[in-house]
Amino acid sequence: MKVILVDDEKKFINMLAKRLKFRGFDPIVAVNGEEAIKIASETQFEVAVLDIKMPGISGLQLKRELAAGNPDLKFIFVTGHGAIDKDDDNFNPNDIYLSKPLDIEILISTMKKIVK
Amino acid sequence: MKENTTENIINSVNMDSLDAEGLKFFGQVTAAISHELKNIFAIISETTGFLNDLTQLARKGEKFDLSILENCNNSIAEEIERGFHTIRQMNKFAHSVDDPVKEIDVKAYLELVVKLTQFLSFAKKVNILPFEESIPVTTSPFLLQSLIYHVLCCLYKSTQEDEISVCFESRDDRHLHMIFSGPIQDVSDCFPSPDIKRILDILSIESIVESEPFKLEMSIPKAVNLRIKGI
């Protein structure tokens with residue numbers, strides 16, 4: 001499964017990518033929204049795992065950009081914040097939100113579920 | 001008719017709203033700190049998870065370069081140090097409410113608030129220009145921190161560039177001038193917000209905003225006779 005992981009915490013995202021690779025996934029990392037848009041314009045992914053709070057384009061804004069280029073792309077948001085800004089125009093209660101630190105098994109089962 | 005003294009200004013302010021604003025500021029900062037700590041724990045958690053993955057592979061007879069283990073250990077040690085650094089800042093911030101009014105080194109407080117704002121996703125880099133002289137100012141540390149925090153947030157949101165500078169000038173015995181500058185066009189959306197204005201009034205700080213080049217100057221009285229109701 002091709003997955004794009006976007007988070008400005010480079011060490012976190014690189015380590016998560018290594019662990020997903022061990023488990024048979026094909027992850028690519030981006031450390032900001034701009035980089036993610038560029039990568040996604042060249043590669044088709046099945047799942048995007050996005051940090052919500054990032055410098056520049058937020059995860060919620062990024063979803064709109066990535067979905068425009070790939071309507072089948074599924075999204076999982078990851079956040080270190082206790083509360084999500086539900087007043088944000090890009091907030092959708094139907095999206096999936098996971099809290100940091102992540103449980104990799106929950107992430108994997110969530111990805112499999114939404115792609116199926 | 002009452003004199004327009006700091007004490008009278010404070011008494012005329014709706015203290016309930018000031019308390020609420022103080023709590024909101026405290027909440028914003030602690031939320032940002034907890035976000036930082038969660039990121040640190042997330043890295044440690046993924047790294048230990050990765051080490052566990054390697055252990056499972058080793059049990060199956062797979063071989064791997066020992067430098068991978070070394071890198072993981074270094075990464076965990078770095079994150080633990082980052083966590084201690086964050087908690088030291090949190091501790092300093094928490095103690096800023098110990099004394100409602102006290103003599104402080106404004107530059108040290110500015111440095112702390114800049115570090116606290118760096119946890120925000122929209123933060124920009126701030127360059128504090130050297131100022132050798134230590135000028136003690138008697139004020140409310142908590143309110144001054146809150147003011148600087150709000151001003152920095154306003155400046156961060158008003159520019160795309162990482163070029164905010166802060167310098168100090170001491171032109172006379174009565175005021176310390178804190179001057180923010182950078183590639184900023186307009187701050188009228190957020191400066192002075194009602195919250196900022198209220199704190200400026202309480203602390204008897206005068207402010208001037210100039211454009212082209214942008215400059216936001218705050219004249220902080222070196223000694224202000226503050227008596228805040230209820231504390």
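Predicted model: local features only at pLDDT ≥ 70, side-chain atom pairs only at ≥ 80, totals over all residues.
**View 1. Leu50(A) stands opposite Phe77(A), a residue of β4(A).** Strand β3 (residues 47-51) of chain A runs parallel to strand β4 (residues 74-79) of chain A, and five bridges join the pair.

**View 2. Here is the open sheet of chain A, built from five strands.** The strands follow the order β2-β1-β3-β4-β5, with parallel pairing. At the edges you will find β2 (26-30) and β5 (96-99) of chain A; each has a single partner strand, so one side of each lacks a neighbour in the sheet. From one strand to the next, the twist averages 20°.

**View 3. Helices of chain A pack on the sheet.** Helix α2 (residues 33-42) of chain A touches β1 (2-6) and β2 of chain A, and its direction makes about 160° with that of β1(A). Helix α3 (residues 59-69) of chain A lies across β1, β3 and β4 of chain A, at about 155° to β3(A).

**View 4. Welcome to the largest nonpolar core, with 39 residues.** Among those with the most contacts inside this core are Leu147(B) and Ile148(B). Several elements of chain B each supply at least two residues, including α5 (141-157) and α6 (194-202). The most comes from α5(B), which gives 11 residues.

**View 5. Two helices of chain B, α5(B) and α6(B), pack at an angle of about 145°.** Their axes are 10 Å apart, and the crossing is left-handed. Leu143(B) and Val151(B) are among the α5(B) residues that meet α6(B), where the partners include Asp195(B) and Ile202(B).

Notes:
Residues numbered from 1 in each chain as written. Chains lettered and ligands numbered in written order. Core = buried A, V, L, I, M, F, W, Y, C linked by C-beta atoms within 7 Å. Buried ≥ 20, exposed ≤ 12 C-beta atoms within 10 Å, placed from the backbone. Helix = DSSP H or I, 4+ residues; strand = E, 2+ residues; numbered from the N terminus. Axes fitted to C-alpha atoms, helices over the stretch in contact; angles between N-to-C directions. Left-handed = near helix turned anticlockwise from the far one by under 90°. Contact = placed C-beta atoms within 7 Å. Pairing = 2+ DSSP bridges.
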